[in-house]
Amino acid sequence: VTPDDVERLIRPLERKGFNTGRLTLALLRKMYNWAVLPESAAIPGDGPLLSYNIANPCRLYRLDKSNKPPPIDRYLKDQEITAIWHSLGDGNPDRILKLQLLTGCRVSEVCGMTETELDRDAMEWSIPAERSKNNRPHLVPLTDHMLELIGPPSDGFIFPATSKSAHTTNSGPIQCIKRHSKSLGIKNISSHTMRRTFITNMARLNVPTEIRNRLTNHADQSVDGIYNQHDYLEQKRDAQERWDRHLRGIITGV
């Protein structure tokens, strides 16, 4: 497989959609990084060792940035929050989207929530490192409103799939928000819009950047982020409760 082969595969995909080409290239690059031999390795054969330099065929490919879409900055205004909230029902994808808006967590984290991750008495949700995007554990303070959406105790997944041997996948909430936004005439939103709306409103409520980053589990690469191991639970809980009250005011008009 040569760089020309990669070019013939990726370039048509990239013209159809920049992100499709980017994600395909990233997947191929990872696959070939695993598959190829180190440059210093030799290939044994019947004769002398062949000293080939085998490198990743994706290494020379450069994406066409002219086709790159503008960064997404969409978040829900108050009127849109009200419309979306009242349009959503009680199904698993609907409740997942509401919890995303309340907690600011990623859709995959909410979809995979289990009863063992919840401490209902302490009103805490502990997302293990293996389930977070940055491989860092995340402690989410819960409110009464969140526990209402989570529902009664479960034997396993909080949002089980039909088979009950697995959980609702990301595609459920994604299709759900597309369906509701289309019927409401609200354009250019996705499940990630809920997370962006959460962060935007936390700033609106004057929650400091440090606490916002802790609430969304964004990795802090500064010296303080590396050495400071305080969980900021009290500050996070205060911010969550303030946002909960503010959101209730938005959706009730009070």
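The side chains of Arg74 and Glu80 meet in a salt bridge, with 2.8 Å from N to O; the term denotes a side-chain nitrogen of Lys or Arg within 4 Å of a carboxyl oxygen of Asp or Glu. Both Arg74 and Glu80 are buried, that is, under 20% relative accessible area, where exposed means over 50% and partly exposed lies in between (1.4 Å probe, protein chains only). The model is a predicted one, in which local features need pLDDT of at least 70 and side-chain atom pairs count only at pLDDT 80 or more, while totals for chains, interfaces and linings use all residues. Residues are numbered from 1 along each chain as its sequence is written, and side-chain values use heavy atoms, with hydrogens and water left out.

Side chains of opposite charge can pair when their charged atoms come close. By the stated rule, the structure holds eleven salt bridges. One of them links Arg131 to Glu117, whose closest N and O atoms are 2.9 Å apart. Because Arg131 lies in the loop between β2 (124-127) and β3, and Glu117 in the loop between α5 (107-111) and β1 (118-119), this pair ties together parts that are 14 residues apart in sequence. Helices (H or I, at least four residues) and strands (E, at least two) are DSSP runs, numbered from the N terminus. Glu117 is buried, its relative accessible area being 10%.

A further salt bridge joins Glu7 and Arg11, with 3.2 Å between the closest N and O atoms. Since the two residues stand four apart in helix α1 (residues 3-16), about one helical turn separates Glu7 from Arg11. Glu7 is partly exposed at 34% relative accessibility, whereas Arg11 is buried at 17%. Through shared partners, salt bridges connect Glu7, Arg11 and Glu14 into one network.

The largest pocket has a volume of about 400 Å³. A pocket is an open set of points on a 1 Å grid over the protein atoms alone where a 1.4 Å probe fits, with protein on both sides within 12 Å along at least five of seven lines; lining residues have an atom within 4 Å of a point. The volume is the space filled by probe spheres set on the points, which are joined across faces, edges and corners.

Seventeen residues line this pocket, and Arg136, Pro137, Arg214, Asn217 and His230 lie nearest its centre. At least two lining residues come from each of β3 (138-141), α9 (209-216) and α10 (223-227), and α9 gives the most, with three. By class, the lining has three nonpolar, eight polar and six charged residues.

Notes. Ala, Val, Leu, Ile, Met, Phe, Trp, Tyr, Cys and Pro count as nonpolar, Asp, Glu, Lys and Arg as charged, and the others, Gly among them, as polar.
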